[in-house]
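Subject: Structure handover

Dear colleague,

Here is the structure I said I would pass on. My notes on it follow below the display.

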Amino acid sequence: MFIKTGDKVRVISGKDKGKEGTVTGTNASQNRVVVKGINIVKKHEKASQSNPKGGIKSVEAAINASNVMLIDPSTKKPTRVGYKLENGKKIRISKKSKKAID
């Protein structure tokens, strides 16, 4: 997967199209990412010892990684991601600016 935790991304399809956020979690086996402030869903919580009243809570749900694009740190625009070997290490590069990401 080309997206890592902490990356800034823009949503390119779905109900939150055009919004930007930071990746807070990834699931490579299912190709899904959790983005802060994106895909907010209501979750009903049962009453428990720590939360005696229970209630409805808003949380971010995972979205498919193909629905987001990485934002190039140098141009601040969405870009595709490529890879390059540099000093024996595989690094991510921006397809638009040809600069290393991270």
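In which loop does Asn39 lie? Asn39 belongs to the loop between strand E3 (32–35) and strand E4 (40–45). Strands here (E, at least two residues), like helices (H or I, at least four), are DSSP runs numbered from the N terminus.

Before the rest, the basis of the notes. This is a predicted model, in which local features need pLDDT of at least 70 and side-chain atom pairs count only at pLDDT 80 or more, while totals for chains, interfaces and linings use all residues. Residues are numbered from 1 along each chain as its sequence is written, and side-chain values use heavy atoms, with hydrogens and water left out.

Confidence

pLDDT is the predictor's confidence in each residue, on a scale from 0 to 100. Its mean over the protein is 94, with 100% of the residues at 70 or more. The lowest confidence is in E10, with a mean of 93, and the highest is in E3, at 97.

Overall form

The protein has 10 strands and 0 helices, and along the sequence the pattern reads β-β-β-β-β-β-β-β-β-β. The radius of gyration is 17 Å, well over the 13 Å that the globule rule gives for 102 residues, so the protein is more spread out than a compact globule. That radius is taken over C-alpha atoms, and the globule rule is 2.2 Å times the number of residues to the power 0.38. Along the principal axes, the C-alpha atoms fill a box of roughly 55 × 30 × 20 Å.

Of the 102 residues, 26% count as buried. Buried means under 20% relative accessible area, exposed means over 50%, and partly exposed lies in between (1.4 Å probe, protein chains only). Among contacts (heavy atoms within 4.5 Å) with a separation of 6 or more, 38% are between residues 24 or more positions apart.

The open sheet

Six strands form an open sheet in the order E6-E3-E2-E1-E7-E8, with antiparallel pairing. Its edge strands are E6 (63–64) and E8, each of which pairs on one side only. Two strands pair if DSSP finds at least two bridges between them.

E7 and E8 make a hairpin with 6 residues between them, and in its turn Lys76 has a positive phi of about 60 degrees.

According to the UniProt annotation "domain: KOW", from an unreviewed entry, this domain covers residues 2–29. UniProt positions are given in the numbering used here, feature names are shortened, and annotations may be inferred rather than shown by experiment. The span is 43% strand and 0% helix, and its end C-alpha atoms are 13 Å apart.

To return to Asn39: its relative accessible area is 14%, so it counts as buried. Leaving out residues up to four places away in sequence, Asn39 touches Lys15, Asp16, Val59, Glu60, Ala61, Ala62 and Ile63.

The E9–E10 hairpin

E9 and E10 pair in the antiparallel sense over 6 bridges, and Glu86 has Lys89 in E10 as its bridge partner. There are 2 residues between the strands of this hairpin, where Asn87 takes a positive phi near 55 degrees.

Lys84 sits in E9 (residues 81–86) and is partly exposed, at 39% relative accessible area. Beyond its neighbours within four places in sequence, Lys84 is in contact with Lys89, Lys90, Ile91 and Ile93. Lys84 and Ala100 are 16 residues apart in sequence, with 8.9 Å between their C-alpha atoms.

Ser94 is in E10 (residues 89–94) and is buried, with a relative accessible area of 0%. Apart from neighbours within four places in sequence, Ser94 contacts Asp72, Thr79, Arg80, Lys99 and Ile101. The Ser94 side chain also reaches the backbone nitrogen of Lys96 at 3.3 Å, a polar contact (a pair of N or O atoms within 3.5 Å; within protein, one must be able to donate a hydrogen and the other to accept it, and residues adjacent in sequence count only if both atoms are side-chain atoms).

Regards
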